[in-house]
Amino acid sequence: MNEKEFSLQKEDKEKIKSAVKFHNPMEITSYTLPKNMEVYIQEVLGEFLMECHQEHMIDYLKFCVDELLNNSKKANTKRIYFKEKNLDINDEQDYNEGMMFFKDETLLNIDHYLEEQKKAGLYIKLILKKEEDFITIEVRNNCALTKFEKDRIDEKIDLAMHYSNISDVFANVLDQTEGAGLGIIIIILMLQKIGLSKDNYHIISNDSETITRIELPLNKDIQNQINEVSKVFAQKQKSIPVFDSSFEQLQTLLNDPSVTETQITDFFTKEPTCAFLLLSESCKEHKDCACVIRAVKLLGLDKIRQIFTPDNEKIRIIPVTEQLKKLWKHDYHVAFIAYNLIENFPPKSSLAKENLFTIALIHNIENLLIAVTTPEEKAEVMQECLDRNIPEAVVELFYTENCFYKYDNLISERWGQSPLVNAAFSYLYNKETSEAIKEIVNYIYFADIIQCYKEKSVDYYQINRNILDTFGIDSESKLLYIIKQIDSILKD
């Protein structure tokens with residue numbers, strides 16, 4: 001990002017949502033850390049923590065991150081200052097001499113030092129990432145810690161253990177050489193207020209970077225309760241939503257005596273929820289069916305006509321909106337991309353591209369169902385959860401969860417999908433699975449990431465490096481080439 005007038009935009013919020021969904025990093029880099037950038041970072045941090053359901057930590061962590069960013073900025077200024085004074089920052093005598101007037105002299109001419117930092121490429125970088133069980137917040141700058149800086153930091157961390165409130169710190173701690181010296185101590189106290197300790201605070205330095213990391217474990221009790229809500233939600237799903245315009249199109253096709261299986265198949269390959277119901281019905285007699293093409297052949301046109309009728313209680317006709325259309329279209333594009341990836345990057349296992357296309361098409365079924373949940377359905381789910389002593393706030397959290405393959409397996413099992421589909425959707429909970437299942441997940445994950453990249457909700461740097469390596473992509477230009485090839489044959 002370039003340094004400019006910043007404010008959190010809708011596009012930024014989409015990128016934050018995608019980062020949380022895919023467990024990708026959010027990264028912001030500055031060279032001078034102007035005030036507008038600090039405000040922007042605070043907004044990004046707040047939005048990120050809300051997406052992770054950690055609202056109670058926002059105020060405390062905003063202070064911590066602001067302190068760490070400014071510490072990194074000061075460390076970079078120090079390097080320029082020592083260089084201009086012809087002092088060796090790693091020599092104890094030079095270090096002590098330089099620090100005598102560092103604070104006063106740099107404050108008087110801070111614009112000059114910031115400009116020199118920028119010219120020297122000295123950056124301050126914030127990285128936010130949600131893992132499966134914890135959140136990491138990192139502040140980096142490309143200067144190695146000196147022994148003297150490391151000693152002072154360790155001293156402050158140890159000192160923090162002797163205080164329980166901030167007023168005592170102000171009364172007893174003062175370090176005029178490095179500034180007040182209160183920041184690190186207060187950070188530790190802030191972490192303690194949200195149930196953490198100095199063990200959640202790490203400083204790592206190598207030859208090129210200093211990394212300060214805060215690790216926040218996620219609330220497992222809440223996550224377990226959300227898992228219970230998801231089970232209730234899955235059991236309550238008695239119908240599959242179908243757009244009114246799509247249902248009308250299908251009826252026209254099925255009522256045409258000259259319609260072919262190819263035409264019917266083409267319809268289902270673009271309709272995630274219709275395909276999901278088609279597969280579910282097919283698996284009643286052919287439990288291993290995981291492909292739309294095969295499902296159409298196995299059921300036959302007459303059976304499909306019997307299933308997709310207006311009086312079928314398993315079908316809920318819904319009006320199409322632009323927002324819903326975007327969700328449905330996204331999943332069709334993901335399936336199309338996955339299909340083309342397997343064409344150009346052959347799998348190691350005997351993975352059928354038709355199966356991959358179908359699983360990719362329906363991989364987001366839970367979010368599609370959540371998107372069209374009625375107030376009556378929500379009320380029913382809420383009541384059962386309350387009967388199970390699950391707090392109302394946790395039930396509301398469930399509806400904002402947006403995690404890749406989080407609960408789709410519960411929906412697929414509820415609707416009797418094939419073992420292959422269920423295994424792919426259960427990957428999150430069963431990492432000891434076959435290579436074929438891992439490959440399915442990798443193809444769909446990468447296809448989803450590519451579609452999000454196309455929609456500008458994911459930046460290239462956020463894409464998992466291991467996934468890029470799997471597909472032989474070592475630059476953004478290669479990714480853009482693949483997208484251009486796919487777009488040339490993609491039909492909406």
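How many helices and how many strands are there in the protein? The protein has 23 helices and seven strands, as found in a predicted model.

**Figure 1. Overall view of the predicted model.** Taken along the principal axes, the box filled by the C-alpha atoms is roughly 90 × 55 × 40 Å. The protein consists of 492 residues, and 54% of them count as buried. Its accessible surface amounts to about 23,200 Å², with 49% of this area belonging to carbon and sulfur atoms. Among contacts between residues at least 6 apart in sequence, 72% join residues at least 24 apart.

**Figure 2. Charges of the protein.** The protein carries 58 positive and 81 negative charges.

**Figure 3. The crossing of helix 11 and helix 13.** Helix 11 spans residues 261-268 and helix 13 spans residues 292-307. Their axes come within 10 Å and cross at roughly 115°. The crossing in which helix 11 passes helix 13 is right-handed. On the side of helix 11, the residues that meet helix 13 are Glu261, Ile264, Thr265 and Phe268. Their counterparts in helix 13 are Val292, Ile293, Val296, Lys297, Leu301 and Ile304.

**Figure 4. Asparagine 367 in helix 16.** Helix 16, which contains asparagine 367, covers residues 365-371. Is asparagine 367 buried or exposed? Asparagine 367 is classed as buried because its relative accessible area is 13%, and the cut-off for buried is under 20%. Leucine 356 is eleven residues from asparagine 367 along the chain, and the C-alpha atoms of the two residues are separated by 19 Å.

Notes:
Residues are numbered from 1 along each chain as its sequence is written. This is a predicted model: local features need pLDDT of at least 70, side-chain atom pairs count only at pLDDT 80 or more; totals for chains, interfaces and linings use all residues. Side-chain values use heavy atoms; hydrogens and water are left out. Helices (H or I, at least four residues) and strands (E, at least two) are DSSP runs, numbered from the N terminus. Buried means under 20% relative accessible area, exposed over 50%, partly exposed in between (1.4 Å probe, protein chains only). Contact means heavy atoms within 4.5 Å. Accessible areas come from the Shrake-Rupley method with a 1.4 Å probe; for residues, only the protein chains shown count as cover. Lys and Arg count as positive and Asp and Glu as negative; His and the chain ends are not counted. The place of a charge is taken as NZ of Lys, CZ of Arg, CG of Asp or CD of Glu. Axes are lines fitted to C-alpha atoms, for helices over the stretch in contact, and angles run from 0 to 180 degrees between N-to-C directions. A crossing is left-handed if the near helix is turned anticlockwise from the far one by less than a right angle, and right-handed if clockwise.
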